[in-house]
Structure formats: structure tokens, C-alpha cells
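My entries follow in the order I made them.

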Amino acid sequence: MTSTIALIRHRVADFDAWKTVYDGFAPIQAEHGVQGHRVLRSIENPNDVIVTHTFDSREAATSFFAMPELKEAMSQAGVDADSVEVSYFDEVEAGALVGV
């Protein structure tokens, strides 16, 4: 089974304030198909954020990002709406290079 990874990049007004809202949205993420996530923060600009979410399918991913509740939460979290970029990828391979 192939997973779909959504990669979201955006700027936030204040990372800590954004992270509080993001963490509070976790139950809704789980209810709507997010199986896992990563949060990445730019070293050069701490308000430049990349998030990845893993889904069973592209349909589940696109449905999640169309939710009005998500758009409202992002607005409340201080996301610069003009900076939001969402891309979808099929996971081809994952692993760890331990002992190579």
C-alpha cells in the first residue's frame, strides 16, 4: 500500500503561538485521516515552517486540506495565507541507514 505525503510550507506570525494551535488540532487531524506528521522549522527564519502529513490516499489528503475548519485554525494560528504551499507525494521508500 502506498501512502500519500502532503508537504505544507508556510510562514507564521509567531511559531510558538502557531504550534499551540497546531497541537490542539491533532484530534481533528486524526479524525480526518492524518496518520503521522513532522514539523520542520527553518534555521534561518524560525517562522518559516514545513509540515508533512501522511495519509492513506491522495483523496484523503485533498479532502483534509479542503476542510473549512482547517482554514479557520490556520488563520487563528497566524498563518500567512499567501505563503501556503501544499504539494502531494507518493511515498516510494522509507527506512533508516543504521549499520550501513
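**Sheet, first look.** I began with β2 and β3, which run antiparallel and are joined by six bridges. I took strands as paired if DSSP finds at least two bridges between them. Helices (H or I, at least four residues) and strands (E, at least two) are DSSP runs, numbered from the N terminus. A hairpin of six residues connects β2 to β3. I looked up H37 and found its bridge partner in β3, H53.

**Ground rules.** The model is predicted, and local features need pLDDT of at least 70, side-chain atom pairs count only at pLDDT 80 or more, while totals for chains, interfaces and linings use all residues. Residues are numbered from 1 along each chain as its sequence is written, and side-chain values use heavy atoms, with hydrogens and water left out.

**Sheet, the rest.** Next I checked β1 (residues 4-11) against β3 (residues 48-55). They pair in the antiparallel sense over eight bridges. Opposite A6 I found H53 in β3. In what order do the four strands of the open sheet come? I read β2-β3-β1-β4, with antiparallel pairing. β2 (36-41) and β4 (85-90) are the edge strands, each pairing on one side only. Neighbouring strands are turned by 15° against each other on average, direction ignored. For angles, axes are lines fitted to C-alpha atoms, for helices over the stretch in contact, and angles run from 0 to 180 degrees between N-to-C directions.

**Helix on the sheet.** I then followed helix α3 (residues 58-65). It lies across β1, β3 and β4 and runs at about 135° to β3. Contact here means heavy atoms within 4.5 Å.

**Aromatics.** How many aromatic pairs does a search of the whole structure find? I got six. Rings of Phe, Tyr and Trp (its six-membered ring) pair if their centres lie within 6.5 Å; planes under 30 degrees apart count as stacked, over 60 as edge-to-face and the rest as tilted. One of the pairs is F15 with W18, tilted, at 5.5 Å centre to centre and 40° between the planes. F15 and W18 are three residues apart in helix α1 (residues 15-24), so about one helical turn separates them. Both F15 and W18 are buried. I used under 20% relative accessible area for buried, over 50% for exposed and partly exposed in between (1.4 Å probe, protein chains only).

Then I turned to F55 and F65. This pair is edge-to-face, 6.2 Å centre to centre, with 65° between the planes. It links distant parts of the chain: F55 sits in strand β3 and F65 in helix α3, 10 residues apart. Both F55 and F65 are buried. I also noted one aromatic cluster formed by F55, F64, F65 and Y88.

**Charge over a ring.** What sits over the ring of F15? I found the charged end of R41, 4.0 Å from the ring centre. The test is NZ of Lys or CZ of Arg within 6 Å of the ring centre and within 35 degrees of the ring normal.

**Whole chain.** I listed four helices and four strands. From the N terminus on, they run β-α-α-β-β-α-α-β. The radius of gyration is 14 Å, close to the 13 Å that the globule rule gives for 100 residues, so the chain is as compact as a globular protein of that length. That radius is taken over C-alpha atoms, and the rule is 2.2 Å times the number of residues to the power 0.38. Of the 100 residues, 31% count as buried.
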